[in-house]
Every structure is written in structure tokens, then in C-alpha cells.
Amino acid sequence: QGLAAELRSLRARAEEAALSHEREARTLRDQATAAAKQRDSALREAEEARAQLRAGAEARAAARRELLEAQREARDGREGRDTERRR
């Protein structure tokens, strides 16, 4: 009788441990899924930020080219007027 009771107790504890481990595994899987979603979201945000930086750099470069062209045109215009005045 004592051996059977001890066996039942061990089985019950083993089943309880198995259920506990399964619950913990499920929790860890859920946490891993949530972490993966956060990672994916962060990667998307980082790519969007990189795209914005590229667009900003391209806009600055275009504005600089336009400024340089306007400065060149102004200089050419001044030089042309100076040449006309000397004639």
C-alpha cells in the first residue's frame, strides 16, 4: 500500500511538473513572438529613418546645386555688365 501511494504521489508531481513546464514554455514562446514583432517593427522604423535621411541628403544636394548655379548665373551677369560698361 505504501509503495503504491508513493508511486501515485510521484506520478502526480511529475504531471504537475510537466504542466508547469508546458505553461512556462508557452509563456516563453509568447514572449519570443512579441520580441520578434518588436524587432520587426524596429527594423521597419530604422529603414524608414534611413530613407528619410537619404531623401534629406538628396534634397540638400539638389538645393546646393541650385544655389551654385544661381551664384554662377549672378557672377556671369555681373561680369557681363562690367564688360559692357568698359566698352
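Glutamate 47 and arginine 54 form a salt bridge, with their closest N and O atoms 3.2 Å apart. A salt bridge here is a side-chain nitrogen of Lys or Arg within 4 Å of a carboxyl oxygen of Asp or Glu. The model is predicted: local features need pLDDT of at least 70, side-chain atom pairs count only at pLDDT 80 or more, and totals for chains, interfaces and linings use all residues. Residues are numbered from 1 along each chain as its sequence is written, and side-chain values use heavy atoms, leaving out hydrogens and water.

**Overall form**

- The protein chain has 1 helix and 0 strands. Both are DSSP runs numbered from the N terminus: helices are H or I with at least four residues, strands are E with at least two.
- The C-alpha trace spans about 130 × 10 × 5 Å along its principal axes.
- The radius of gyration of the protein chain is 37 Å, whereas a compact globule of 87 residues would have one near 12 Å. This radius is taken over C-alpha atoms, and the globule rule is 2.2 Å times the number of residues to the power 0.38.
  - Glutamate 22 and threonine 83 are 61 residues apart in sequence, and their C-alpha atoms are 91 Å apart.
  - Alanine 57 and leucine 10 are 47 residues apart along the chain, and 69 Å separates their C-alpha atoms.

**Surface**

- How many of the 87 residues count as buried? The share is 0%. Buried means under 20% relative accessible area, exposed means over 50%, and partly exposed lies in between (1.4 Å probe, protein chains only).
- Alanine 57 lies in helix 1. Its relative accessibility is 34%, so alanine 57 counts as partly exposed.
- The protein chain exposes about 7,900 Å², and carbon and sulfur atoms supply 53% of that area. The areas come from the Shrake-Rupley method with a 1.4 Å probe; for residues, only the protein chains shown count as cover.

**Charges**

- The protein chain carries 21 positive and 18 negative side chains. Lys and Arg count as positive, Asp and Glu as negative; His and the chain ends are not counted.
- The centres of the two sets lie 2 Å apart. Each charge is placed at NZ of Lys, CZ of Arg, CG of Asp or CD of Glu.

**Salt bridges**

- Side chains of opposite charge can pair when their charged atoms come close.
- The count comes to 7 salt bridges.
- In the opening pair, glutamate 47 is partly exposed at 36% relative accessibility. Arginine 54 is partly exposed too, at 42%.
- Aspartate 40 pairs with arginine 39 in a salt bridge, the closest N and O atoms being 2.9 Å apart. Aspartate 40 is partly exposed at 31%, and arginine 39 is partly exposed at 48%.
- Arginine 26 and glutamate 22 also meet in a salt bridge, at 4.0 Å from N to O. Why are these two about one helical turn apart? Because they sit 4 residues apart in helix 1 (residues 2-86).
- Arginine 26 has 41% relative accessibility and counts as partly exposed. Glutamate 22, at 37%, is partly exposed as well.
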